[in-house]
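Subject: Structure handover

Hello,

Here is the structure you asked for. My notes on it follow below.

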Amino acid sequence: MRRVDGRSVGKFFAEEIARPVGADFHIGLPAEHDARVALVIPAPPLQYGSGDGSRAPARDSIPYRAANPRLVAEQSWEIPWRRAEIPAAGGHGNARGVALAQAAVSHGGTLRGVDLLPQQTIDRIFDVQAAGRDLVLGIGVTFGVGYGLNSPRNPISPNARVCYWGGWGGSLVVNDVDAGFTMAYVMNRMGEGTVGDDRAHTLLRAAYASMV
């Protein structure tokens with residue numbers, strides 16, 4: 001991104017997405033927000049390959065070799081972690097901020113008067129790239145471009161055009177293009193696994209129930 005645009009990923013995200021739509025989310029947290037941070041409460045040590053974090057993988061397995069370096073939740077308590085612009089793991093924000101940063105996907109590419117995505121880019125998300133049992137996560141999943149997709153292997157919605165992703169500890173964001181809504185869940189008390197947990201999915205089911 002820096003080579004193409006000249007800005008770092010955190011600066012680009014802040015100037016082009018977060019500030020224009022009012023999303024309280026940061027890739028690289030400024031010092032003035034340090035007092036707002038709720039430290040994560042770590043879950044049991046992360047295990048890969050079983051889907052629920054319950055089984056340690058063999059040292060010569062793909063799940064074990066893919067986890068490099070090993071993740072340590074307490075590292076997120078450190079100031080250098082907060083300042084680092086790590087888009088895959090180091091974002092800081094609340095659920096509303098996550099939802100606003102994502103909601104252009106479920107709103108036709110435009111959110112709060114800001115044009116962020118053309119329709120053809122949203123359509124491209126749903127081009128299946130891989131489907132089957134993920135050898136690292138240990139679950140059946142269908143991947144589109146940049147997201148997991150709703151599918152019989154991992155149904156999360158009654159609607160077809162739904163893309164999602166979760167995070168270590170139980171966080172989840174779901175973009176339902178058919179229904180035109182985005183839901184996000186974040187937490188500081190981490191659950192087990194890396195693909196969301198019952199807390200997020202209970203809220204998601206309640207959201208869908210309210211639409212009936």
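V72 lies in the loop that links α3 (62–66) to α4 (79–83); helices here are DSSP runs of H or I with at least four residues, strands are E runs of at least two, and both are numbered from the N terminus. With a relative accessible area of 46%, V72 is partly exposed (buried is under 20%, exposed is over 50%, and partly exposed is in between, with a 1.4 Å probe and protein chains only). Its C-alpha atom is separated by 22 Å from that of H33, 39 residues away along the chain.

This is a predicted model, in which local features need pLDDT of at least 70, side-chain atom pairs count only at pLDDT 80 or more, and totals for chains, interfaces and linings use all residues. Residues are numbered from 1 along each chain as its sequence is written, and side-chain values use heavy atoms, with hydrogens and water left out.

Another loop residue is R112, placed between β3 and β4 (114–115). R112 is not a glycine, yet its phi is positive, at about 50 degrees. R112 is exposed, with a relative accessible area of 56%.

Next, the sheet. It is open, with 6 strands in the order β5-β6-β7-β8-β9-β10 and antiparallel pairing (two strands pair if DSSP finds at least two bridges between them). β5 and β10 stand at the edges with a single partner strand each, so one side of each has no neighbour in the sheet. Strand β5 (residues 130–133) is joined to β6 (residues 140–143) by 4 bridges, and R133 has G140 of β6 as its bridge partner. These two strands form a hairpin with 6 residues between them, and G138 in the turn has a positive phi of about 80 degrees. β8 and β9 pair over 5 bridges, also antiparallel; here G166 is bridged to L172 in β9.

The largest nonpolar core has 18 residues, of which V174 and L204 touch the most other members. A nonpolar core is a set of buried Ala, Val, Leu, Ile, Met, Phe, Trp, Tyr and Cys residues joined through side-chain atoms within 4.5 Å. At least two residues of this core come from each of β8 (162–166), β9 (172–176), β10 (181–185) and α7 (198–211), and α7 gives the most, with 4 residues. Beyond its neighbours within four places in sequence, V174 is in contact (heavy atoms within 4.5 Å) with residues including I156, Y164, F181, M183, L204 and Y208. Apart from this core lies another, of 15 residues, among them A18, V21, L100 and A103.

L100 is also one of the buried residues in helix α5 (residues 95–102), together with G97, V98 and A99. The buried residues of α5 pack against α2, β1, β3 (110–111), β9 and β10.

Last, the second largest pocket, with a volume of about 260 Å³. On a 1 Å grid over the protein atoms alone, a pocket is an open set of points where a 1.4 Å probe fits, with protein on both sides within 12 Å along at least five of seven lines; lining residues have an atom within 4 Å of a point. Grid points are joined across faces, edges and corners, and the volume is the space filled by probe spheres set on them. The lining has 15 residues, with G10, A14, R19, H26 and P30 nearest the centre. α2 (9–21) and β1 (25–27) are the elements that give two or more residues to it, and α2 gives the most, with 6.

Regards
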